[in-house]
Protein chains: 2
Amino acid sequence: MKNFLPPSLIRKNDTKLILLVIDGLGGTTNEEGFSELDVANLPNLNELASKSSCGLQIPIDYGITPGSAPGHLALFGYDPVKYQIGRGILEALGVGLEVRHGDLAVRGNFSTLRDGKIVDRRAGRIPTEECERLVKKLSEKIKLIEDVKVMMKAGLDYRFAVVFRGKELSDKVTDADPQINGVPPEPAKPLTIEAEKTARIINKFIKLATEVLSDEPVANTVILRGYAKFPQIESFDVRYGLDAVGIATYPMYRGLASLVGMKTIDVTGFSIEEEFRLIKEIWSYFDFFFVHVKKTDSLGEDGDFEGKVKKLEEIDGYLPILLELSPDVMVVTGDHATPAVLKSHSWHPVPVLLWSKYAFRDDVKKFCERECAKGILGTIPALAIMPLMLANALRLKKFGA
Amino acid sequence: MKNFLPPSLIRKNDTKLILLVIDGLGGTTNEEGFSELDVANLPNLNELASKSSCGLQIPIDYGITPGSAPGHLALFGYDPVKYQIGRGILEALGVGLEVRHGDLAVRGNFSTLRDGKIVDRRAGRIPTEECERLVKKLSEKIKLIEDVKVMMKAGLDYRFAVVFRGKELSDKVTDADPQINGVPPEPAKPLTIEAEKTARIINKFIKLATEVLSDEPVANTVILRGYAKFPQIESFDVRYGLDAVGIATYPMYRGLASLVGMKTIDVTGFSIEEEFRLIKEIWSYFDFFFVHVKKTDSLGEDGDFEGKVKKLEEIDGYLPILLELSPDVMVVTGDHATPAVLKSHSWHPVPVLLWSKYAFRDDVKKFCERECAKGILGTIPALAIMPLMLANALRLKKFGA
């Protein structure tokens, strides 16, 4: 599901665009035949829908359930099948490590070493707080290996992420992970000549970490895997001529925004109202505002139909804060559906509304799946959203004479 | 119109899926402005549609009228533009010859040879019964040429099909057909070195056949053309992890099912009720049931609007037999439209309904073109149906993290 947007069509102006992503927005019908959006009381979204072009969007393709990364890349206009982001990068973004062009990101486990063998690859599944203590301990001792900077952050339980920043790093290295318990540690081996330095750095890191952890009773070594280079991905300003910013309470979504070259604002712990109000403060500095709201997805994953309905109503209540900024183009959609019925992400198309002075006002009066399906946008690939936003901002030139 | 379904997303479970193909299901409006589905009384299909996601599907692309083979391949999720099945294979499948991997299938004509010239390529258009007698005569005498098994079956009028089964057979051979009357027979010639054996086998077959037919007054030789190898096509179980079975009264549709690796059940002469009831007997042996009903297409081709309406009503009456099996996913659609108005296959999109516990129940209450067009599926490529069925059976993993 590709879109067509040659760079020669891009033009700049002083319009402002908001992309509000309500994570896991869409759903499917429950036993009574209603989705979360069917029953939610959403006066502001419904009023906006009444003035907008509405439709459904398909993040990847028919029947395909997207992870968060492909779901967002598609909304940002980057083909998620072409740009598949490596696990190490996603892990690093998820824990909030900054990742830049040229960086190598890696997933790590704390593990237990006894008599030269990895006896537990997960170090007895130590709790997250213990992991944080150990990562702090390592971070204080290991900051530079040769000319390569080392940055670490704890994840859940025994997991952590490492970002290596330096010249000539490669992901063409074998996992330093024996895969099973009861065998000796596995060193990283280069798969190409260019990867020799990286393998050496990885193995030095493990050696140093094992020395630093030598006084730990359980988590006394580390294993590393899932190497991933920062993807070769054109930045938002180059691709669209937009100064873009991503505002999200979770590091993963700021990370995805920074992957495509957006600036990001850390609003960890902010309420939805605070998150929306912040945008006014930075309104003059950017053209494009990616605003992410997470909790709808989490409630869908919990199977909490009523909770998701209430969260939608809460978001709806704060929508006027964004509308008062008078954006030129405003899109509301999700990165994928998360039906409470399924307790997981799903393949269902996601409602989308596009408001601008030039958008066709169709007959949709209610922002829900069944009504949006009858909207003038029809069912579109998510990749169509950026070209439609740019067109409505009069930021695209005519194609051909 | 491609779909995206990487093999890495497939997972297995114990769900059961039914794909009911009502051949030539869709239509177009007659002079009064109604299609066959508009006027048919279909209480069971309408009730199922009310609980399902509905839409229209396009077998190949806008404006393209599908033959039976591409229509079915698209429903099975195989790009019909990529997998173009050779005429010889279709002829063999159509007359009910089994075709396996490695086989070479060929179309044949009985012809008339006089004074070293083919004077009639169609042997005076002999009737089908005469063709059957001649094929029987040939079959008794020609069973093996070198190490190659020979299987034949009569088609309509002067036509027949031959399947050659042996090692190193090739379709890179010129037609053993002079194309026009009044010239000498044309031997098959190899187009590659690897095809030399095949050309020799073909020419030996013609020589043997001409000897066997030497006492026939009119049909005293044969010409052969349309060589086709069994296509390199991934089987249904490898592609989808599904143990699939095809149930059809006509050999062509069993043949198409077997092309994609389905088991098939010969229900020649069964009524629709008998065909549907049989599925209960084999319910525990398979995951996926392709059930084919033919007569709607034939009545459409006859221009018999009322007859097609009655046949649709008859099928509707037996639908509960399938629903009582409690499939996890049920799809009802056609391989193409056959409007009585056109008396032929057509390009019109075909209604589709998809029922599962997780399918979005849209507002469609009647299974017909104009209502399905308003359904939540929208207008989809036929190739989207298999991914949607698998998704609804929870047989697809998430794409990306």
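Guide: Welcome! Let us begin with strands: helices (H or I, at least four residues) and strands (E, at least two) are DSSP runs, numbered from the N terminus. Two strands pair if DSSP finds at least two bridges between them. This is a predicted model, where local features need pLDDT of at least 70, side-chain atom pairs count only at pLDDT 80 or more, and totals for chains, interfaces and linings use all residues. Residues are numbered from 1 along each chain as its sequence is written, while chains are lettered from A and ligands numbered from 1 in the order in which they are written.

Visitor: In what order do the eight strands of the open sheet in chain A stand?

Guide: The order is 10-9-11-1-12-13-2-14, with mixed pairing. Strand 10 (263-266) and strand 14 (378-381) of chain A each have a single partner strand, so one side of each has no neighbour in the sheet.

Visitor: How many bridges join strand 12 to strand 13 of chain A?

Guide: Four bridges link strand 12 (residues 329-333) with strand 13 (residues 350-356) of chain A, and the two run antiparallel. Across this pair, A:M330 stands opposite A:W355 of strand 13 of chain A.

Visitor: At what angle do helix 9 and helix 11 of chain B pack?

Guide: Axes are lines fitted to C-alpha atoms, for helices over the stretch in contact, and angles run from 0 to 180 degrees between N-to-C directions. Helix 9 (residues 272-282) and helix 11 (residues 305-323) of chain B pack at an angle of about 15°, with their axes 9 Å apart. That makes helix 9 of chain B roughly parallel to helix 11 of chain B; angles under 35 degrees count as roughly parallel, over 145 as roughly antiparallel, 65 to 115 as roughly perpendicular and the rest as oblique.

Visitor: How does helix 4 of chain B lie to helix 8 of chain B, oblique or parallel?

Guide: The axes of helix 4 (residues 87-95) and helix 8 (residues 251-259) of chain B come within 6 Å and cross at roughly 125°. That makes helix 4 of chain B oblique to helix 8 of chain B.

Visitor: How many residues of chain B are in contact with chain A?

Guide: 21 residues of chain B are in contact with 29 residues of chain A. Helix 13 of chain B gives the most to the side of chain B that touches chain A, with four residues.

Methods
Two residues are in contact if their C-beta atoms, placed from the backbone, lie within 7 Å.
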